[in-house]
Amino acid sequence: MLFDTPASRNPIDRQKVIGKPTDRIDGPLKVTGNAPYAYERHDVVPNQAYGYILGSSIATGRIRSMDVSKAKQAPGVIDVVSTLDYEPAPLGPQNTANLFGGAKIDHYHQAIALVVAETFEEARAAANLIEVDYKRNDGTFDLEAQADSADYAKGPEGEDLVERHGDFDKAFESAEVTTDATYRTPAETHAMMEPHATIANWDGDKLTVWTSNQMIQWGKRDLANALKIPQEKVRLDSPFLGGGFGSKLFIRSDVVIAAIGARQSGRPVKVALQRPLIANNTTHRPATIQRIRLGASKDGRLTAIAHESTSGNLPGGKPEEAVNQTKVFYAGAHRKVALRLAELNMPEGNAMRAPGEAPGLMALEIAMDEMAEKLGMDPVEFRIVNDTQVDPMDPDRPFSRRNFVECLRQGAEAFGWDKRSATPGKTVDGDWLVGMGMAAGYRGNILMKSAARVRLGKDGVVSVETDMTDIGTGTYTILAQTAAEMMGLPLEKVKVTLGDSDFPISAGSGGQWGANNSTAGVYAACVKLREQAAEKVGLDPQKANFTNGRIHLGNKSVPLTEATADGELVGEDAIEYADVDKKYQQATFASHFVQMSVNRFTGVPRIDRMVAVCSAGRILNPKAARSQVIGAMTMGAGAALMEHLAVDTRFGFFVNHDLANYEVPVHADIPHQEVTFIDDVDPYSSPMKAKGVGELGLCGVGAAIANAIYNATGIRTRDYPITLENHL
Ligand code: MOS
């Protein structure tokens with residue numbers, strides 16, 4: 001189904017099932033331990049052996065030799081796979097770091113060997129017996145030291161990643177009020193609950209991997225590529241994930257090394273990346289240094305906006321696109337955004353939840369707070385004055401829907417913003433300095449092709465099949481809601497099966513594009529199924545209605561099961577997009593309001609209250625959407641106050657590479673969170689008229705916390721995390 005015009009009225013609009021705050025259909029499986037993660041799939045193939053990965057203990061250099069003889073003779077060991085016995089695996093388009101193979105070391109904890117044994121403990125014990133002789137090279141590990149010499153990052157055609165509109169330099173020079181400051185965000189690790197894990201099995205030349213992956217087709221493509229086998233020989237299955245946050249968008253070393261280990265040892269092999277390996281073996285959100293200059297007239301209108309971000313990555317890697325939102329968020333005729341990239345011999349930097357906007361807004365929204373203060377304006381009013389309904393880089397391109405001002409107004413109202421004292425450090429409550437801060441959120445809405453198959457059985461049950469994944473976001477439930485709404489059935493009559501690469505190819509889970517696109521794919525498949533069902537019972541498919549388990553038209557009404565009297569019906573289709581996203585800038589918007597207390601004597605910061613208002617088109621399931629947003633707000637609180645991969649700049653690795661040392665929020669850190677969604681639909685996003693919220697909820701939170709700390713204490717922080725020891 002090609003979607004090229006605004007969605008008209010369609011069956012989804014009835015909202016008998018869609019739009020309801022429905023419990024997760026996979027919830028009972030999850031809480032009873034019956035939704036297995038990859039490593040727990042003991043029943044998929046018998047005789048599974050355990051793999052244990054050895055990571056490089058240098059950051060850059062070569063392996064001169066590796067002695068695996070003692071490991072091979074250790075109890076329970078079946079085989080040892082050495083990186084020296086394999087060529088480097090060809091990279092997938094999104095990978096920068098070699099996942100396995102060869103003597104060259106590009107980053108610390110690069111996988112260099114796999115011990116395959118009868119038990120996990122035996123594999124681990126044997127891995128300790130492997131002796132490696134390294135030639136260690138000098139490397140560059142310190143972004144701060146490299147930043148000044150960093151050149152512009154390059155685009156696909158080798159062009160400098162710098163974009164201009166108008167004449168920033170002139171406008172900034174002549175602006176009545178200006179700010180110019182530099183902000184820093186640290187490297188972060190995804191810290192998802194389920195580690196990267198894979199069980200691999202070969203049946204002749206056919207490979208099956210039961211794994212934990214967000215983007216099944218990318219994984220299938222990249223794994224076939226890495227092993228130099230045809231894609232048809234590869235099957236991925238990933239029905240349940242314990243989080244990904246971008247670290248499972250692409251296959252990682254566990255997938256490749258489990259497949260190689262299974263082939264070499266002749267046994268099915270299961271591998272989970274050990275937790276202490278994940279931060280350095282996989283990817284992380286790169287640290288950024290961001291300079292932001294704003295110029296405005298005295299009445300508060302922005303005239304000049306420049307945002308330049310420097311990040312680092314391995315040779316051939318990409319920059320963190322922290323300037324994305326700044327291109328389009330606020331009005332202002334003259335603007336410049338630029339990305340610089342330093343070469344670092346650190347692990348691969350790559351996508352982490354809301355890549356670009358999450359760290360970008362942590363900087364931009366403090367800058368906006370600073371500018372509002374200089375102008376003597378309320379920060380909410382300052383943002384309202386600078387709203388734009390068109391893409392400022394391309395004024396002929398309007399936003400499809402932009403309810404940003406409503407987000408700001410509703411948030412201010414719900415939070416009680418009018419009670420804020422504009423002067424910092426004025427509100428004292430016992431031992432605590434109390435402050436209020438706000439920031440805005442922006443995250444793009446990406447349209448991607450997505451396919452699904454729906455079957456209507458003789459029992460009247462609709463089965464949905466797609467390779468879409470549920471990374472903990474509630475995908476099972478919204479796909480079931482979509483099929484139920486389309487076929488006029490209660491939710492209990494819908495079954496959803498996900499994550500199998502043999503199913504139709506979905507958009508996958510990433511960039512908060514999953515919800516809108518994958519439900520639209522199910523919508524398209526259901527349109528096909530409705531056509532077949534209507535024809536079977538002799539009704540005009542264009543006009544027939546599907547409600548209450550029946551097909552109706554005029555005064556004729558038949559049970560849906562009449563359509564399957566001769567057997568199952570199958571509808572399969574994809575949603576595809578023409579150019580609605582070229583004609584219309586598509587994005588989601590939020591406002592975040594936070595109250596912070598900072599202890600006057602100890603400097604301990606405490607979050608008292610958080611309010612978010614989000615605008616993201618139709619909210620398919622307000623309960624699941626709220627869960628996404630409060631989780632994202634929690635992640636934003638971690639980014640503001642705790643999260644930080646500490647770099648050992650001598651040896652080139654992240655020091656705090658496990659969950660004991662990498663701090664994330666716990667329940668005691670998080671207060672009541674209030675989340676409101678703007679009641680709206682976006683007819684340009686898809687027939688679902690929906691968008692995503694999973695990443696939006698993170699965008700802006702950190703700056704709201706920083707701004708509240710400023711309001712509480714008068715201490716303006718421009719680098720994260722904001723900690724007792726560094727700032728307060
Ligand atoms: Mo998200 S970082 O695109 O999984």
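Where does UniProt place the feature "domain: Aldehyde oxidase/xanthine dehydrogenase a/b hammerhead"? I found the unreviewed entry placing this feature at residues 32–138. UniProt positions follow the numbering used here, feature names are shortened, and annotations may be inferred rather than shown by experiment.

I noted the ground rules next. Residues are numbered from 1 along each chain as its sequence is written. This is a predicted model, where local features need pLDDT of at least 70, side-chain atom pairs count only at pLDDT 80 or more, and totals for chains, interfaces and linings use all residues.

I looked up the sheet. It is open, has seven strands in the order β4-β6-β2-β14-β11-β12-β13, and its pairing is mixed. Strands are DSSP runs of E, at least two residues; helices are runs of H or I, at least four; both are numbered from the N terminus. Two strands pair if DSSP finds at least two bridges between them. At the edges I found β4 (77–82) and β13 (234–237), each pairing on one side only.

I checked β12 (residues 206–211) against β13: they run parallel, joined by four bridges. Trp210 has Asp237 of β13 as its bridge partner.

I then turned to the helices. α6 and α7 pack at about 50°, with axes 11 Å apart. Axes are lines fitted to C-alpha atoms, for helices over the stretch in contact; angles run from 0 to 180 degrees between N-to-C directions. Leu223, Ala226 and Leu227 of α6 make the contact with Val255, Val256 and Ala259 of α7. Residues are in contact if their C-beta atoms, placed from the backbone, lie within 7 Å.

Technical notes:
Two residues are in contact if their C-beta atoms, placed from the backbone, lie within 7 Å.
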